[in-house]
Amino acid sequence: MHDDANDGDDGDAVWQVHAGDAGFAAPADRTVLASAEAAGLPWSNSCRNGTCRTCLRRLRSGEVAYGIEWPGVLPDERAEGWFLPCVAYPRSDLVLAADGVQVLPVT
Ligand code: FES
């Protein structure tokens, strides 16, 4: 649950992220990856700028906004819930795939 007093896109909002058994607070002004790390979760990452896709995870519900104009996720992948936590900022409570790490099918 989030703090209703802090709804909106301002930097004061704090959302909740649920990923399987793990859950953590995610301030709107911090990337989802940075919040996971602050909670002690060792999420995979490398470039931290939205290009390598090492941090790719799947969103089951919720919304994120990107801190860069074109993160390395294709429109079809976005539609399926894939996102890059290293450059994504929460805009609602988020529910991620159970273990977070999933492999995209090779096409
Ligand atoms: S760490 Fe490289 S895209 Fe997120």
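Residues are numbered from 1 along each chain as its sequence is written. In this predicted model, local features need pLDDT of at least 70 and side-chain atom pairs count only at pLDDT 80 or more, while totals for chains, interfaces and linings use all residues.

**Exercise 1.** State the strand order of the open sheet and identify its edge strands.

Solution. Helices (H or I, at least four residues) and strands (E, at least two) are DSSP runs, numbered from the N terminus. Two strands pair if DSSP finds at least two bridges between them. The open sheet has five strands in the order 2-1-7-3-5, with mixed pairing. Strand 2 (22-27) and strand 5 (82-83) each pair on one side only, and are the edges. Strands 1 and 7 run parallel and are joined by three bridges. Across this pair, Val17 stands opposite Leu94 of strand 7.

**Exercise 2.** Is proline 90 buried or exposed, and what does it touch?

Solution. Locate proline 90 in strand 6. A residue is buried if 20 or more other C-beta atoms, placed from the backbone, lie within 10 Å of its own, exposed if 12 or fewer, and partly exposed in between. Proline 90 has 26 such neighbours and therefore counts as buried. Contact means C-beta atoms within 7 Å. Beyond four places in sequence, proline 90 contacts Trp15, Val17, Ala26, Ala28, Val32 and Val64. Proline 27 lies 63 residues away in sequence, with a C-alpha to C-alpha distance of 7.3 Å.

**Exercise 3.** Which residues have the most contacts inside the largest nonpolar core?

Solution. Such a core is a set of buried Ala, Val, Leu, Ile, Met, Phe, Trp, Tyr and Cys residues joined through C-beta atoms within 7 Å. The largest has 23 residues, and Val17, Val32, Leu84, Ala88 and Leu94 have the most contacts inside it.

Notes: Two residues are in contact if their C-beta atoms, placed from the backbone, lie within 7 Å.
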